Amino acid sequence: MCAKVAIVYNQPDRSRYADMGEWAAIAGVLEEADAVEKALGELGYDSFRVPLSPPLNRARDVINSVKADLIFNLFEGFDGQPGTEAVIAGMLPETRLPVTGCTPDAIKLCTDKVRVKDILTANGIKTPRYLLVSGKPPSSFNLSFPCIVKTRSEHASHGMSEDSVVHNMRQLEIQTAKVSCLFGGEALVEEYEDGREFNVLVMGKSKTEAFPISEIIFKLPAGKPRILTYSAKWDPGNEYYNCSCRQCPAEVDEELRRTAVDTALSVFRLCIGWGYARVDFREDAHGTLKVIDVNPNPDISPDVGAACQAIVSGLSYNQFIERIISIALEETHGN
């Protein structure tokens, strides 16, 4: 058993997120680190925090100075630089210590939502039709409205608002221009599926396990798009926050449950490999499940989806954290 655990995470710092009023999602990593540190203490581990700040060469020096038996990786990327999540994940193995969570390759892949959708489509896994737009939508645009406009690389619902769902070309042009300007010059446009929304946590390495399905229940006024906006996740005073809730386990029939589980396991094998990840789905108008996102190393705070699914399965929060550690140790020793 490892005795000393280093909790690695990104130190929140003012960035373009704060300038856009989206600071809460960045500061949320501190609550996650608090919960993990508390659980590790109750499990008998000696843990300590390792906050990382840019530039990358300084972060590498800090990482290489870590003296521990295991690294618990909560790093989500430097503020405004989502690609650094995979870069730091690639530095952690340089310590030759076991590291929790997904591989650098899996994190790098899933940071690019277009590449993920290309892989899913090539392997026959259903996902909404999509197009990458740089600036103005092309004259050959052939998706059906309504569409939803997303960032290519951000997570935590950055850039998502009720304006993200567009119903005509003019709205599309406005929203793609906004997202392209704020988030790296590109926007991912998908056909918007207005059915039920589910997510499934998958964990493991030699053996993978899918946890009970969770559903996002929307109780929004008529005319409001049923999506998880930034405010739905991070702004308690907002209508979207108060009208979007989680139900776990979801009330679904056996056919839908089996389809969601089988698909989530397939997506995990294709895009993740080992560790823990959340696969998000939407039903289309015909009740067909389509994958809308793949999230390696999702937030594991006690009151969010991944932990809640684990708890509904019968694990305590501390056992959930122990399971994450056991997967990391399995990777190191190869048993």
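Val149 stands opposite Val189 in strand 7, where a strand is a DSSP run (E, at least two residues) numbered from the N terminus. This is a predicted model, in which local features need pLDDT of at least 70 and side-chain atom pairs count only at pLDDT 80 or more, while totals for chains, interfaces and linings use all residues. Residues are numbered from 1 along each chain as its sequence is written, and side-chain values use heavy atoms, with hydrogens and water left out.

Strand 5 (residues 147–150) and strand 7 (residues 187–191) pair in the antiparallel sense over 4 bridges; two strands count as paired if DSSP finds at least two bridges between them. Glu191 in strand 7 is the bridge partner of Cys147. Strand 5 also pairs with strand 6, again in the antiparallel sense, over 2 bridges, and here Cys147 stands opposite Val166. From strand 5, Cys147 and Val149 point one way and Ile148 and Lys150 the other way. All of these are buried, meaning under 20% relative accessible area, with exposed set at over 50% and partly exposed in between (1.4 Å probe, protein chains only).

The open sheet has 4 strands in the order 4-7-5-6, with antiparallel pairing. Its edge strands, strand 4 (130–133) and strand 6 (165–166), each pair on one side only. Helix 6 (residues 113–122) packs on this sheet and touches strand 4 and strand 7. The direction of helix 6 makes about 150° with that of strand 4. Axes are lines fitted to C-alpha atoms, for helices over the stretch in contact, and angles run from 0 to 180 degrees between N-to-C directions. Helices are DSSP runs of H or I with at least four residues.

Another open sheet has 3 strands in the order 2-1-3, and the pairing is parallel. Strand 2 (46–52) and strand 3 (70–73) are at the edges with a single partner strand each, so one side of each has no neighbour in the sheet. The twist from one strand to the next averages 25°. Strand 1 (residues 4–10) pairs with strand 3 in the parallel sense over 4 bridges, and Val8 stands opposite Asn73 in strand 3.

## Helix 4 against helix 5

Helix 4 (residues 84–91) and helix 5 (residues 104–111) pack with their axes 8 Å apart, at an angle of about 175°. That makes helix 4 roughly antiparallel to helix 5; angles under 35 degrees count as roughly parallel, over 145 as roughly antiparallel, 65 to 115 as roughly perpendicular and the rest as oblique.

Glu85, Ala86, Ala89 and Gly90 in helix 4 meet Pro104, Ile107 and Lys108 in helix 5, contact being heavy atoms within 4.5 Å. These contact residues comprise 4 nonpolar, 1 polar and 2 charged. Ala, Val, Leu, Ile, Met, Phe, Trp, Tyr, Cys and Pro count as nonpolar, Asp, Glu, Lys and Arg as charged, and the others, Gly among them, as polar.

## Strands 12 and 13

Strand 12 (residues 275–283) and strand 13 pair in the antiparallel sense over 7 bridges. Arg278 has Asn295 in strand 13 as its bridge partner. The hairpin of strand 12 and strand 13 has 5 residues between the strands, and Gly287 takes a positive phi near 85° in this hairpin. Of the 8 residues of strand 13 (residues 289–296), 7 are buried, so strand 13 is largely enclosed by the rest of the structure.

## Ser214

Ser214 is found in strand 10 (residues 214–218) and is buried, with a relative accessible area of 0%. Leaving aside neighbours within four places in sequence, Ser214 is in contact with Glu197, Phe198, Asn199, Arg246, Gln247, Cys248, Ala250 and Gln309.
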